[in-house]
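Let's take a walk through this structure together. Keep the picture open while you read.

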Amino acid sequence: MGAVDGYQLLLERARRGDAAAFERLVAEYQPAVFTFCRHVLNDPDEAADATQEAFVAAWLNIGSIRGDLRAWLFKVALNRCRDRLRRLAAARRAGPGESPEPPNPDGDPEEAFLAAERQELVRRALRELEPDQRLAVVLADLFGYAYTEIAAITGWPLGTVRSRVHRGRLGLRAALLKRRE
Amino acid sequence: MSGKPDLHDPDLEALLSAYLDGELSAKERQTVEAHLAGCSRCRELLADLQRVKDLVAALPLESPPRPVILPRRPVRRLAELAALAAVLAGLFLIGADLLLPRPAPQPMTPAAQLAPAQPSGSAERTATRAEPSVSPGGRLSGVRVPALVGAGLAVAGTAAFVAVRFGRGRVGLLVGLMGLAGGLLGGCGGPGGQSAEPPVPPGAERIVAAVRADAARRSGQDPGRVRLVSVEAVDWPDTSLGCPEQGKFYAQVITPGYRVVVRAGSTDYEYHTDRAGNFVLCVRGQPSAR
């Protein structure tokens, strides 16, 4: 609760033009926004660019941000990610190119349950999901958003959020079971 | 994890994640719980979904390969530039006022140039002036106005820059306003404008003392309270000392002397003198009449 109050205080100071306060908010939320973008885009460089753009947008529009800053950042970042996905899709259509971070089929199931390996396994399983299902699962499970908040960030109807979260989890379960076999 | 689910009711299966997330209505929740009680496959699936949820939740956040770099906000940049411009303007005013030589005394008024004849002789006529005067050298009350305004501008600009740059808005605003007020008060001859008297040119001490005594006598003030505002060496174009009395004629002889302004109380007196000890109290280009 104290941390939340602290962030609210920093946000208030940032709204009054305090750059140092906003830089502290950037330091706080940067990993979350980058991780979110990376899951959406499957590409660290593109994710870093989208993260940068999201924070610049936040800084330039700090006065109009209402409510939860992280959710606002995710919404803006998602729009930037979608723009990038469209550009990347167009580039792929224009010529053959490598898909960034292709799923690695050579996972070792015995080591998959060691912490680092397990995380990598989950990341790979996430990357195999349909993009919308991955987005739903990441928002619900990695960042703990309620369905109404996910609907606000993504613009999806509530029923769509519900079905995409469920299908995403089913897909993850299937992918993890496949790697385990 | 269990094997593939073999659910009897796909509609209920679709509700399991929402059930896990507490996103079902009370009625839906009751329906799902009733089904789970009699369906081991759905219970296993629910446990798997919980594990999947936990696995994703356990993923660590990652740091971007390069840190976010924020641009300066345009308004902020403009404000900083304006503040710096104020500082530079203030410093320029101070420097120009203190370093540049003072302008030469203003030429005689046309009326004075047109009035040839004898010296006025006894020019001891009294007059008071309702308004303070600014002498040609840019001094008021013995203080250089541009320097004071410049100092105020510099302080205000510095405070504004600090406020904008480091987000100390209220402090910056306060200091900035104080700086501006100080500069303006000084420029207007208020409390900030009080300072020491200007230096008296060598050889003018006696005439300045005589002028001071004359002003004291006329104003009823103690001579020690009559303050020298300015004293300038002037070459008058004739013996009227730049202050011809109408109807009189003056000799067309360059007459060296001084323009001396003293202040008694709140009134300034402008005297025109030669170097021999003669002086005239001059009001609006004419000797003042008693």
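Predicted model: local features only at pLDDT ≥ 70, side-chain atom pairs only at ≥ 80, totals over all residues.

Begin with chain A, which has eight helices and zero strands. Read from the N terminus on, its elements simply go α-α-α-α-α-α-α-α. Of the 181 residues in chain A, 38% are buried. Now look at its contacts between residues at least 6 apart in sequence: 60% of these join residues at least 24 apart.

For a closer look at how helices meet here, pick out helix 2 (residues 19–41) and helix 3 (residues 44–60) of chain A. Their axes are 8 Å apart, and the two pack at an angle of about 140°. That angle is why helix 2 of chain A counts as oblique to helix 3 of chain A. The crossing of helix 2 of chain A with helix 3 of chain A is right-handed. On the helix 2 side, the residues making the contact include Phe22(A), Val26(A), Val33(A) and Phe34(A), while helix 3 brings in, among others, Ala47(A), Ala54(A), Phe55(A) and Trp59(A). Sorted by class, this contact between helix 2 and helix 3 of chain A has 13 nonpolar, two polar and two charged residues.

Chain A puts 38 residues into the contact, and chain B puts in 30 residues. On the chain B side, helix 2 (16–20) and helix 4 (40–57) each supply at least two residues. Helix 4 of chain B gives the most to that side, with seven residues. What is the side of chain B that touches chain A made of, by class? Its residues divide into 18 nonpolar, four polar and eight charged.

Stay with chain B and find its open sheet. This sheet has five strands in the order 3-4-5-6-7, with antiparallel pairing. Strand 3 (227–236) and strand 7 (286–287) of chain B stand at the edges with a single partner strand each, so one side of each has no neighbour in the sheet.

Let's cross the sheet strand by strand. Strand 3 of chain B is mostly covered, as seven of its 10 residues are buried. Nine bridges tie strand 3 of chain B to strand 4 of chain B, and the two run antiparallel. Moving along, strand 4 (residues 255–264) of chain B runs antiparallel to strand 5 (residues 267–274) of chain B, joined by eight bridges. In this pairing, Val261(B) has Glu270(B) in strand 5 of chain B as its bridge partner.

Strand 5 and strand 6 of chain B pair over three bridges, again in the antiparallel sense. Tyr271(B) sits opposite Leu281(B) of strand 6 there. These two strands form a hairpin with four residues between them, and Gly277(B) in the turn has a positive phi of about 115°. Strand 6 of chain B is mostly covered, with four of its five residues buried.

At the end of the walk, strand 6 and strand 7 of chain B pair antiparallel over two bridges, and Cys282(B) stands opposite Pro287(B) of strand 7. Their hairpin has two residues between the strands, and Arg284(B) takes a positive phi near 50°.

Finally, which element lies across the sheet? Helix 9 (residues 205–219) of chain B lies across strand 3, strand 4, strand 5 and strand 6 (279–283), running at about 40° to strand 4 of chain B.

Methods:
Residues numbered from 1 in each chain as written. Chains lettered and ligands numbered in written order. Axes fitted to C-alpha atoms, helices over the stretch in contact; angles between N-to-C directions. Parallel < 35°, antiparallel > 145°, perpendicular 65-115°, else oblique. Left-handed = near helix turned anticlockwise from the far one by under 90°. Contact = placed C-beta atoms within 7 Å. Nonpolar A, V, L, I, M, F, W, Y, C, P; charged D, E, K, R; others polar. Buried ≥ 20, exposed ≤ 12 C-beta atoms within 10 Å, placed from the backbone. Pairing = 2+ DSSP bridges.
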